[in-house]
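Take a look at the model below.

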Amino acid sequence: MTRWGLIGASTIAHEWVIDAIRAVGGEIVSVMSTSAERGASYARDHDIPKSVTTLVDLVGDPDVDAVYVSTTNELHRDQVIAAAQAGKHILCEKPLSTSLGDAHAMVDAARAAGVVMAANHHLRGAATHQAMRDAIAAGQIGKPLAARVCHAGLLPAHLQGWRLDRPEAGGGVILDITVHDTDTLRFVLGDDPVEAIAFGQHGGLAQSGLEDAVMGAMRFKSGLIAQFHDSFTTKYAVTSFEVHGSAGSLFGRNCMIQKPGGTVTLRNVEGEQELPIDHGNLYENTLIAFDAAIAGRGKPLCSGEDGIWSLAAGLAVTKAAASGASVKIESGL
Ligand code: NDP
């Protein structure tokens with residue numbers, strides 16, 4: 001059983017990760033919040049025995065085996081490095097940080113300490129994406145040539161804080177959502193992006209100069225081209241993830257979401273069929289793989305290096321949207 005310390009009294013831990021940790025048999029022993037009062041109330045509400053206000057107290061706790069870092073993005077770097085140096089395994093939220101140099105420093109620290117580090121790109125835990133990955137690997141669509149991702153929705157009111165008004169915290173739709181698209185594309189396709197173009201949009205939600213929607217495209221090493229539409233502003237859009245190959249197409253519908261769900265349709269010479277999907281909780285699947293990695297059985301679903309890749313793409317898309325030019329995606333790995 002993994003004993004967890006939460007770094008950050010966050011919404012994502014409250015809505016998904018605390019339940020998922022407990023569902024897979026983990027225990028949450030401590031939470032760190034910068035506010036003693038909020039931390040104590042969060043601990044009480046979630047039945048967590050200890051709340052602390054300093055990183056030293058959290059990572060120095062001998063009862064903690066692993067930390068879940070879900071503070072705002074500019075804080076991840078120092079928290080992950082401190083946890084690694086204290087010998088704790090790390091599940092860090094995406095984007096890993098706000099700069100590539102920071103993300104490398106985090107992954108290097110975990111590697112030097114010999115601890116497991118994972119990024120929480122939960123969409124790898126979706127049975128829909130796993131089915132698409134398997135279908136492609138089995139040759140059911142031939143050579144993948146193009147992909148289209150629609151990850152557009154409405155950012156709920158309770159999440160409209162730093163994402164809309166704090167560029168320094170890694171706010172904006174690109175570091176929030178486009179990083180997930182990139183990771184899902186890499187996972188499903190088994191390919192890495194090399195170049196991006198993008199147009200950002202200021203659709204009236206974010207007032208700080210941050211994009212609240214973006215459309216763009218990435219070219220992958222294999223030559224595949226992928227289009228993405230990410231937004232905080234489109235209440236009635238339905239998410240989708242499509243891959244089109246030389247011998248067939250895969251249509252994932254309603255699958256770029258947090259809840260288990262969605263469908264995948266395969267169209268090829270044999271006609272059209274819905275793939276059987278055995279839905280499971282995405283966050284639990286991430287934690288099951290993480291626990292196995294701690295026990296020496298395999299790798300996390302999404303490694304720290306994978307987190308570097310998605311951040312590199314997010315930063316390239318940010319630059320492309322700002323400059324209007326195409327930007328190379330270089331992970332430095
Ligand atoms: P929150 O805004 O809920 O939490 C971030 C920090 O804000 C917390 O650590 C907390 O600081 C502070 N905070 C939270 N609520 C309050 C409040 N009511 N009053 C004052 N301060 C508050 O962030 P999210 O949970 O939305 O996101 C956290 C991280 O998780 C980000 O990196 C984000 O990108 C990622 N994320 C990932 C998702 C996924 O599915 N993989 C989904 C959503 C987010 P303190 O700890 O000091 O109390």
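**Around the ligand**

A polar side-chain atom of Ser33 sits 2.5 Å from an oxygen atom of the ligand. This is a predicted model, and every distance here is computed from it. The protein backbone takes part too. A polar backbone atom of Ala9 is 2.9 Å from an oxygen atom of the ligand. For Lys94, a polar backbone atom lies 2.8 Å from an oxygen atom of the ligand.

How much of the ligand's accessible area does the protein cover? On its own, the ligand has 890 Å² of accessible area, and the protein covers 77% of it. Helix 1, helix 7 (162-165) and helix 8 (173-189) are the elements that each give two or more residues to the shell around the ligand.

There are 24 residues around the ligand. Those that come nearest are Thr11, Ser33, Thr34, Asn73 and Tyr283. Sorted by class, the shell has 13 polar, six nonpolar and five charged residues.

Now move to helix 2, which spans residues 36-45. Which of its residues are buried? They are Gly39, Tyr42 and Ala43. These three cover an arc of only 100° around the axis, so they lie on the same side of helix 2. An α-helix has 3.6 residues a turn, so residues three or four places apart point the same way.

What covers the buried residues of helix 2? The cover includes strand 1 (3-7), helix 1 (11-23), strand 2 (27-32) and strand 3 (50-52). Turn to the face of helix 2 that points away from its buried side. That face carries the exposed residues Glu37, Arg44 and Asp45. Just after helix 2 comes Asp47, which takes a positive phi of about 60°.

**A histidine in strand 10**

The last stop is His229. This residue is in strand 10, which covers residues 225-231. Buried means under 20% relative accessible area, and exposed means over 50%. His229 has 21% relative accessibility, so it counts as partly exposed.

Which residues does His229 touch, leaving out those up to four places away in sequence? Val149, Cys150, His151 and Ala152 are in contact with His229, and so are Val214 and Met215. Finally, look at His229 and Ser323. They are 94 residues apart along the chain. Their C-alpha atoms are separated by 18 Å.

How values were computed
Residues numbered from 1 in each chain as written. Predicted model: local features only at pLDDT ≥ 70, side-chain atom pairs only at ≥ 80, totals over all residues. Heavy atoms only, no water. Buried < 20%, exposed > 50% of the residue type's maximum accessible area, 1.4 Å probe, protein only. Helix = DSSP H or I, 4+ residues; strand = E, 2+ residues; numbered from the N terminus. Arc of directions from axis to C-beta. Contact = heavy atoms within 4.5 Å. Near = heavy atom within 4 Å. Polar contact = N/O pair within 3.5 Å; in protein donor to acceptor, adjacent residues only side chain to side chain. Areas by Shrake-Rupley, 256 points an atom, 1.4 Å probe, with all protein chains shown as cover. Nonpolar A, V, L, I, M, F, W, Y, C, P; charged D, E, K, R; others polar.
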